[in-house]
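Have a look at the fold below before reading on.

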Amino acid sequence: MLNMSINFRKVAVVGCGFVGASSAFALMQSGLFSEMVLLDVNRAKAEGEAMDIGHGTSISSPMNIYAGDYSDIKDAAIIIVTAGAAQKPGETRLDLIKKNIQIHAGIMAEIKAQSPEGILLIVANPVDILTYYAQKASGMPENRVFGSGTVLDSARLRYLLGTRLDVDSRSVHAYVIGEHGDSEICTWSMANISGVPLADFFALRGMGGDLDMKVAQEDIAEDVKNAAYKIIERKNATYYGIAMSVVRICRAILRDEKSILPVSTALHGEYGISDVSLSVPAIVGRNGIEELVPISLSEEERTKLSESAAVLKKTMEGVEF
């Protein structure tokens, strides 16, 4: 049964930096919503972004876009949190933990006070740790609080694999799981091109045997892992790719698509992992995460997933949850 206290045509974006503003712009163009409220610690910044994006609605998608405060999020279908310190050149996502936990403590207190009944989507980095924190601090049910996780990493994997094989990346089916960061895992054991195993498709493209495919996989995995660092070196921030990932997740929620997406959520024994949030495939719809989808991993991939969880747990030591 639909919750009539929720406005399913309304979205809230908390944080109007590069990622927040790019996400708001992409959401305006998506046509998913008719109302969008922008929040930022710098109210003038939120007002400016609302004005700038709003001016394009007359030639794109009609939408009421405005700067607001936390009282405006109560009936939003989706609350997207992008607020946080930006990742600097040479800095890992996990280096952001201390700065951003402090920022999110205030944000979660404000959100909890509103008792929203929509979905809380965490996008700020380190997304896995901030998602785990939000699930504890927001006062909302765990299934309605999750992170963008490795949706972007998986998109990068499909793009790079499609480019290498000279095939439409939308025909590539492959996931990145684990941390959204340096310990992430490309699940090669289940990757395929429209149902055709990778080895067969590499052979179809005349790309040699197992050794050539292994080298290609290693190169692609490194490129996926280092994509953000390379972009930050060149333009100081990444925001367009994650903005499109935000739209993809919002579409799955708003249209109740039951899409299988690698979003970040707390595990409770799945894959032998507990007490940490990281990305695994999950069914995403209007109620948030409906259930996690068990996938068959190779022994090596399962070991790497456990190691990724250990990295995140180690980083969380000493942080109040």
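What follows is a short tour, from the whole chain down to single side chains.

## Ground rules

This is a predicted model, so local features need pLDDT of at least 70 and side-chain atom pairs count only at pLDDT 80 or more, while totals for chains, interfaces and linings use all residues. Residues are numbered from 1 along each chain as its sequence is written, and side-chain values use heavy atoms, with hydrogens and water left out.

## Two domains

Where they meet, 37 residues of domain 1 are in contact with 44 residues of domain 2 (contact means heavy atoms within 4.5 Å). About 3,300 Å² is buried between the two domains, and carbon and sulfur atoms give 69% of that. Buried area here is the accessible area (1.4 Å probe) that two parts lose on being put together, summed over both. As for salt bridges between domain 1 and domain 2, the count is zero.

## The nonpolar cores

In soluble globular proteins, nonpolar side chains tend to be buried together. A nonpolar core is a set of buried Ala, Val, Leu, Ile, Met, Phe, Trp, Tyr and Cys residues joined through side-chain atoms within 4.5 Å. Buried means under 20% relative accessible area, exposed over 50%, and partly exposed in between (1.4 Å probe, protein chains only).

The largest nonpolar core has 44 residues, and those touching the most other members are Ile 79, Val 81, Met 108, Ile 111 and Leu 120. Helix α4 (residues 127-137) supplies the largest share of this core, seven residues. Helices (H or I, at least four residues) and strands (E, at least two) are DSSP runs, numbered from the N terminus. At least three residues of this core come from each of domain 1 and domain 2.

What does Val 81 touch, not counting residues up to four places away in sequence? The list is Val 14, His 104, Ile 107, Met 108, Ile 111, Leu 120, Leu 121, Ile 122, Val 123 and Ala 124. Apart from this core lies another one of 42 residues, with Ala 46, Ile 65, Ile 249 and Val 263 among them.

## Helix α8

Helix α8 (residues 240-254) has 15 residues and reaches 21 Å from its first C-alpha to its last, close to the 21 Å expected at 1.5 Å a residue. That expected span is 1.5 Å times one less than the number of residues. Its buried residues are Ile 242, Ala 243, Ser 245, Val 246, Val 247, Ile 249, Cys 250, Ala 252, Ile 253 and Leu 254. Just after α8, Asp 256 takes a positive phi of about 50°.

## Loops worth a look

Zoom in on Asn 125 and Pro 126: the peptide bond from one to the other is cis, with omega near 0°. Pro 126 belongs to the loop between β5 (119-122) and α4.

Two other loop residues show positive phi without being glycine. Ser 194 has a phi of about 50° and sits between β10 (192-193) and β11 (196-197). Asn 236 has phi near 75° and is found between α7 (210-235) and α8. Asn 236 counts as exposed because its relative accessibility is 53%.

Ile 295 is in the loop between β14 (288-292) and α9 (299-316), yet it counts as buried because its relative accessibility is 11%. Leaving aside neighbours within four places in sequence, Ile 295 is in contact with Ile 177, Met 190, Tyr 271 and Pro 281.

## Charged pairs

Side chains of opposite charge can pair when their charged atoms come close. Counting a salt bridge as a side-chain nitrogen of Lys or Arg within 4 Å of a carboxyl oxygen of Asp or Glu, the tally is 14.

Glu 47 pairs with Arg 43, with the closest N and O atoms 3.3 Å apart; both lie in helix α2 (residues 43-54), four residues apart, about one turn of the helix. Glu 257 and Arg 248 form a salt bridge at 2.9 Å, N to O. Glu 317 and Lys 314 meet at 3.5 Å, N to O, and both are exposed. Salt bridges that share partners also join Lys 10, Glu 35 and Asp 75 into one network.

Technical notes
Domain bounds come from an automatic or database domain assignment.
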